[in-house]
Every structure is written in C-alpha cells, then in structure tokens.
Number of protein chains: 2
Amino acid sequence: MAGGNPQVVLKRQRDGVPVPEDFSFIDGPMPAPGPGQILVRNIYLSLDMFVRKAMRGDHYGYDILKPGDVIHGNNVARVIRSNHADYKPGDVIVVESGWQHYAAVEASKVVAFVDPMLAPLSTAVGALGMPGLTAWASVTHLIQPTLGSTFVVSAAAGPVGAVTGQLAKRAGARVVGIAGSAEKCQLVTRTYGFDACVNYKQADWEDQLKAACPDGIDGYHDNVGGTMLQAVCKQFNLYATVALCGRPNDYNAGGFTGIQMGPFIGKRARVKGLVVYDYYGDRDTFLSVAGPLVREGALKVKEDHVSGLENAIPHFIKLMKGENIGKAIVAVGPEKA
Amino acid sequence: MAGGNPQVVLKRQRDGVPVPEDFSFIDGPMPAPGPGQILVRNIYLSLDMFVRKAMRGDHYGYDILKPGDVIHGNNVARVIRSNHADYKPGDVIVVESGWQHYAAVEASKVVAFVDPMLAPLSTAVGALGMPGLTAWASVTHLIQPTLGSTFVVSAAAGPVGAVTGQLAKRAGARVVGIAGSAEKCQLVTRTYGFDACVNYKQADWEDQLKAACPDGIDGYHDNVGGTMLQAVCKQFNLYATVALCGRPNDYNAGGFTGIQMGPFIGKRARVKGLVVYDYYGDRDTFLSVAGPLVREGALKVKEDHVSGLENAIPHFIKLMKGENIGKAIVAVGPEKA
C-alpha cells in the first residue's frame with residue numbers, strides 16, 4: 001500500500017481522558033476521489049471537545065471509531081481535485097475530512113465555503129465557524145440578553161464562551177465569565193472585555209460569582225453542565241434563561257451528572273437546549289454580523305496553534321484536560337496552493 | 001382551655017407517606033380575631049400534595065410545623081366576624097385557615113373572594129382555584145399548544161392534570177394523559193375527554209405512550225418529575241415545550257431524582273418552571289374563561305368528597321398514596337350561614 005498521506009488513527013477505544021497510547025500516527029494511502037467525490041488537502045484541523053464523544057459514537061451523526069479509523073476532524077481544507085460540479089480546485093472549504101493530510105470526501109461532508117478575504121483562514125473553524133455560530137445562536141436566538149441584564153458564561157475562555165460573552169456584551173449586558181485558571185480569567189477580562197471572571201477552581205468561587213453578579217443572573221450560557229449548572233442556578237433571578245450547550249465534564253467520564261430540577265422550578269427558569277446544527281442555514285446572517293467584527297479586531301480571537309499533524313495528539317489531550325487557552329488549532333498544510 | 005374548635009394538629013415530624021399516627025384530632029380553643037383580623041368558619045378543606053412539603057417547611061412561604069401546630073390548609077370559608085374593612089360577615093373566601101373549624105386570620109392569608117353564584121363552592125379550591133389557575137397558566141402562558149399538536153399531561157386524573165388536558169384540548173391539541181390506574185385512565189378519557197391515557201404502572205407504558213403519540217410529543221405538562229420526565233422526553237419532537245409543575249413523587253421521599261439533561265439538549269427542549277403564585281394577578285382573566293365552562297359543564301370536574309374534619313387525615317393519606325380519584329375535598333361546615 002503506497003503511503004504519502006500522514007494520518008492519526010485510533011489505536012484503542014478507552015474511557016476517560018485520552019492518552020497518547022490511544023492513537024497511532026501512520027503513513028496512510030493517498031486517496032483517490034470516486035465519482036461525485038472531492039479530494040482535499042487539509043490546512044487547519046479544528047480540535048473540539050465533541051470529538052471525544054464522536055470517537056465513542058456518542059455524538060449526533062458520528063459512528064463509533066474502530067481501531068485503525070482516522071480520528072474525526074472538522075477542518076479548513078483546499079480542494080485539490082473535484083468530481084462534483086459545486087466544487088473546483090482551489091476552493092477553500094470547511095469539511096469533515098479527519099486527522100490526515102488528504103481526504104477523498106463526499107460533498108455531504110462539506111460544511112461551508114470559506115471566503116479567504118474575510119478573515120484569517122483558521123477563524124473559519126473558530127470565531128467564524130461552528131463555535132462562533134453556536135455563540136451567535138445562543139445570544140440572538142435563545143437567551144436574547146437585554147440592555148443592562150446580567151449574562152454569565154461558563155468555559156468563558158473557550159472558543160464558544162469567548163464569542164458568546166463578547167456578543168452578549170455588544171447587546172448591552174453585563175457579562176461575567178467562569179473559567180478554570182487565573183490565566184484564563186485574565187484573558188477573559190483583559191482581552192475579551194468581560195466585566196468580571198470567576199475561577200471555579202477556587203473554593204469560594206460561588207461567593208465570588210455572587211459578588212460579581214450583584215443584581216443576580218438573567219441569562220446563563222452553560223458550556224459545562226453538571227454541578228456547575230446547579231451552582232449557578234442559585235444566583236438566577238426569576239425567569240432567568242439558560243442555554244444548555246455542552247457538557248464537556250461528562251465527555252470523558254462516561255457517566256452523567258443528574259440535575260435537580262426543583263431549584264429551576266423555584267426560579268421559573270427557561271431552559272433551552274442548543275444544537276448548533278439547527279443554525280447552519282443562518283450562517284450567512286451570522287457571518288454578516290461577526291465577519292466584519294473579527295476582521296476589524298472588534299471581536300477578539302485567541303487561538304492556540306501547533307504545527308504538524310502528529311502534534312494533534314498532545315494538543316487534543318491538552319484540550320480535554322482543560323489546559324489549553326484559546327481555540328485549539330493544528331496547522332497541517334500550506335495556506336496557499 | 002375552652003374547646004369548641006375541632007382541629008387536626010401535627011403529632012410528630014416524620015419522613016415518608018404520612019400515617020394516621022402523625023396527626024392528632026383535638027378540640028382546640030375558639031379563636032378571637034385581633035385588630036385587623038377576620039374570624040372564619042371553614043366550609044371545604046382542599047387537600048393538596050404540596051401540603052406534605054409545607055408540613056416540613058419545604059414549600060415556599062410555609063414554616064416547618066411543630067408538634068401541636070394545626071395542619072396547613074387552603075380552604076373555602078365564610079367570614080363570621082371581621083375587624084378588617086375589606087371583609088364583612090357572610091363573605092365567602094379562599095383562605096389559608098388550616099385543618100380546623102374556625103380560624104382568626106390576618107387579611108394576608110386571604111387568597112381570593114368566591115362568587116357563590118359562579119359554580120359549586122368547592123370548585124373554588126379545585127377547577128376554579130389554584131389547580132385550575134395552574135392548568136390555565138401552563139396552557140395559555142407556558143406551553144401554548146397549537147392546533148393539531150400533541151400535548152401530554154402526567155397525573156392526568158388529578159385536579160391540575162384534568163383541567164390542563166381539557167384546556168389544551170379546547171386549544172386544538174391532541175391530548176394524551178398519563179395516570180396510575182385503569183380506573184383513572186377511564187376517567188381521563190371518558191369524562192375528561194382526552195384522546196388517550198396511558199397507565200404508567202403497566203410495564204410497557206412507554207411503548208403505549210409512543211403508540212398514543214404517533215406524531216411525537218410537542219408539549220408536556222409535567223406534574224411528576226423524576227424518571228417519568230426522563231422517559232417522556234424520549235418521545236419529544238424537536239423544540240418540545242415542557243412545563244415543570246410538580247414533583248409529588250419526591251415529596252414523600254425526601255431525596256430527589258436528578259435529571260439527565262443530555263436528551264433535553266438533543267431534543268432542543270424548552271423547559272419552563274411553573275409556580276402558580278405568579279398568576280394570582282391573572283385570576284379574574286382565568287375565571288372569565290374557566291368559570292362559564294365549569295358552570296355549563298363543558299369543563300368536567302370530578303371531586304372526591306368526604307365529610308367531617310377528622311376524615312381529613314385518612315383522605316390526605318389516600319391522596320399522598322395516589323389512591324384518590326379527583327380533587328380531594330373535605331366538607332367541614334355548612335354551605336349556608
């Protein structure tokens with residue numbers, strides 16, 4: 001079997017935070033596009049929390065990976081050859097093309113076209129990609145914070161949280177983040193411009209949150225779930241709105257934390273599940289709002305880049321341990337053809 | 001201490017389903033109204049699930065009962081004497097006046113005036129009282145079922161569930177109840193006119209629910225919580241709306257069942273806590289809708305009456321065991337002055 005296509009594949013299925021031994025870095029075969037398929041060269045891999053779930057087949061639309069399967073990846077890529085009328089060589093797209101250099105994919109795996117003039121290419125899987133679209137849907141469709149209301153975001157230093165808070169701030173809310181280190185909290189307040197940020201790893205973080213929200217909490221974008229959701233609820237005002245968006249604490253664990261609904265009834269909370277796929281049809285509207293903000297630097301973006309496909313493995317493990325700062329990106333190919 | 005005022009008082013605090021030994025039936029002192037107070041004669045006691053929580057001080061606005069304290073009760077009563085300008089002898093009111101014949105109460109304990117011409121007096125604590133107002137708030141404010149949508153109600157034979165389903169039906173929904181016996185299911189379909197009712201005590205009740213909701217579930221009025229809420233969620237359509245209204249299974253237990261939020265995110269559910277006190281200001285609007293329907297027999301009401309204050313004890317235990325059928329009422333005094 002001829003090589004020429006470096007790949008990261010699954011070595012073994014295992015619960016818990018991934019370790020390097022769960023993966024193999026191999027030289028795979030160069031793919032050939034079949035009828036209707038597209039050959040792409042990956043440029044930037046997006047590392048996302050949901051990939052951990054997808055590896056186990058627990059995420060919508062993903063089959064469980066078997067040993068030897070390429071790890072799922074949502075990437076910025078360039079079209080090299082095309083047997084599909086909608087795509088031509090040179091097009092830059094966001095595509096489900098896995099952790100490898102080259103992939104031959106069906107057109108159904110293409111998420112979107114990327115306008116290379118709009119902003120740096122890697123933002124197409126970050127602030128202007130799925131994380132940004134998630135944030136926009138939460139602020140403009142689910143929570144709809146009002147002027148002067150208090151809006152809280154967990155995982156505030158992450159790619160979804162950072163954009164969610166910045167958009168809520170632009171909508172006139174007082175925005176308070178929750179993050180997992182002093183360094184992340186600094187990023188959240190100094191770079192992203194949140195009004196405050198609480199480090200949940202400090203024992204008195206609930207008191208700090210209360211102090212940071214003197215008028216109570218009106219909107220909560222929940223990227224975490226579990227005990228943090230339960231704790232934040234204590235500070236809700238009546239009729240607080242909650243967007244349930246992710247449960248990364250649960251992705252490694254396998255088990256899930258049950259939520260006591262009594263306090264949510266007491267607060268007359270409005271709890272709304274958010275699944276970003278519902279908003280793919282609104283991508284142009286989102287980009288018309290967020291694209292100029294990113295280009296002008298009004299919406300701040302911090303990315304955590306490494307280079308080289310083999311570095312996807314430690315970079316992903318760092319992400320799943322909550323140790324990264326900013327959107328995790330792996331540069332695996334040239335930006336220009 | 002002079003007698004003349006039969007009372008049911010707490011004998012001991014205890015977890016679990018109440019037993020007769022938790023109560024004492026005594027001859028208490030005849031109360032005298034102080035300045036600003038009203039002396040009332042109770043006519044109908046309303047027995048409600050929340051009283052179990054209130055006895056323990058777990059319900060909003062209620063202090064924990066000590067041995068010797070009169071059991072909390074929301075009653076239809078007549079004003080006998082009044083030291084308050086807003087009330088005069090002969091007025092019929094709904095009032096927090098406890099399980100006893102007579103009470104001297106502050107005006108703040110009065111919930112509402114009752115129009116004796118509107119409908120049978122006991123409906124003022126049932127279909128036209130707090131249970132009916134709860135049902136109306138759920139249908140007209142929280143869930144807002146649309147024509148042809150599928151609406152499910154748990155504890156469907158109970159005073160809240162029965163009215164909720166009948167109002168949702170009038171709003172054009174297909175209405176499916178969940179109840180705990182074949183007899184209750186018969187009441188729900190034959191008397192209350194629901195399209196179907198599922199007995200959750202049958203092992204295959206989830207399959208029965210699925211069969212009864214061939215187009216999935218769009219709205220769910222949850223009177224139960226816990227594992228039933230989790231099970232019903234499986235049949236939700238995307239964007240299903242849920243009103244969380246009660247957790248009677250939890251009231252006896254002390255412990256609370258945690259809810260897994262993952263399936264609710266997957267269904268993009270809209271979960272809304274319902275607290276009826278928020279809608280007391282809408283009582284006239286509610287009565288203008290429901291009053292004529294009850295009077296004309298278009299909104300069916302089934303009440304489970306016993307007579308004599310001492311019978312409040314077994315009647316309440318029956319309610320907490322889920323063995324009663326229809327709104328539990330205790331007649332303790334004459335309808336006419």
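Q: In this predicted model, which residue of β13(B) stands opposite A:Lys272?
A: A:Lys272 has its counterpart in β13(B). That strand of chain B, residues 270-273, pairs with β13(A) in the antiparallel sense. The residue opposite A:Lys272 is B:Arg270.

Q: Over how many bridges do β13(A) and strand β13 of chain B pair?
A: The two strands run in the antiparallel sense. One facing pair is A:Lys272 and B:Arg270. The number of bridges is three.

Q: Which elements of chain A each supply at least two residues of the side that touches chain B?
A: The contact between the chains takes 21 residues from chain A and 21 residues from chain B. On the side of chain A, a helix at 262-266 and a strand at 270-273 each supply at least two residues. These elements are α8 and β13.

Q: How do the residues of the side of chain A that touches chain B divide into nonpolar, polar and charged?
A: Chain A gives 21 residues to the contact with chain B. They divide into nine nonpolar, six polar and six charged.

Q: What relation holds between chain A and chain B, given a rotation of 180 degrees with 0.0 Å of shift?
A: Two copies of a chain are related by a rotation about an axis and a shift along it. Here the rotation is 180 degrees, the shift is 0.0 Å, and chain A superposes on chain B with an RMSD of 0.0 Å. That is the relation of a two-fold axis.

Q: Which residue of chain A comes closest to the rotation axis?
A: The axis is that of the 180 degrees rotation that superposes chain A on chain B. The C-alpha in question lies at 2.0 Å from the axis. The residue is A:Gly258.

Q: Through what surface do the copies meet?
A: Of the interface residues of chain A, 100% are also interface residues in chain B. The copies therefore meet through the same surface.

Q: What distance separates the centres of domain 1 and domain 2 of chain A?
A: The domain assignment gives domain 1 as 4-125 + 302-331 and domain 2 as 130-278. Their contact takes 13 residues from domain 1 and 14 residues from domain 2. On the side of domain 1, these are five nonpolar, three polar and five charged. Taken over C-alpha atoms, the centres are separated by 28 Å.

Q: Where on α6(B) do its buried residues lie, on the same side or on opposite sides?
A: The buried residues of this helix, residues 226-233 of chain B, are B:Met228, B:Leu229, B:Val232 and B:Cys233. They pack against β8, α5, β11, β12 and α8 of chain B.

Q: Is B:Tyr62 buried or partly exposed?
A: B:Tyr62 is found in the loop between α1 and β4 of chain B. Leaving out residues up to four places away in sequence, B:Tyr62 touches B:Ala54, B:Gly57 and B:His72. A buried residue needs 20 or more other C-beta atoms within 10 Å. B:Tyr62 has 16, so it is partly exposed.

Q: What is the phi of A:Gln144?
A: Most residues other than glycine have a negative phi. A:Gln144, in the loop between α2 and β8 of chain A, has a positive value. A:Gln144 counts as partly exposed because it has 14 C-beta neighbours inside 10 Å. Its phi is near 50 degrees.

How values were computed:
Residues numbered from 1 in each chain as written. Chains lettered and ligands numbered in written order. Predicted model: local features only at pLDDT ≥ 70, side-chain atom pairs only at ≥ 80, totals over all residues. Helix = DSSP H or I, 4+ residues; strand = E, 2+ residues; numbered from the N terminus. Buried ≥ 20, exposed ≤ 12 C-beta atoms within 10 Å, placed from the backbone. Contact = placed C-beta atoms within 7 Å. Nonpolar A, V, L, I, M, F, W, Y, C, P; charged D, E, K, R; others polar. Pairing = 2+ DSSP bridges. Domains from an automatic or database assignment. Least-squares fit on C-alpha atoms with pLDDT ≥ 70 in both.
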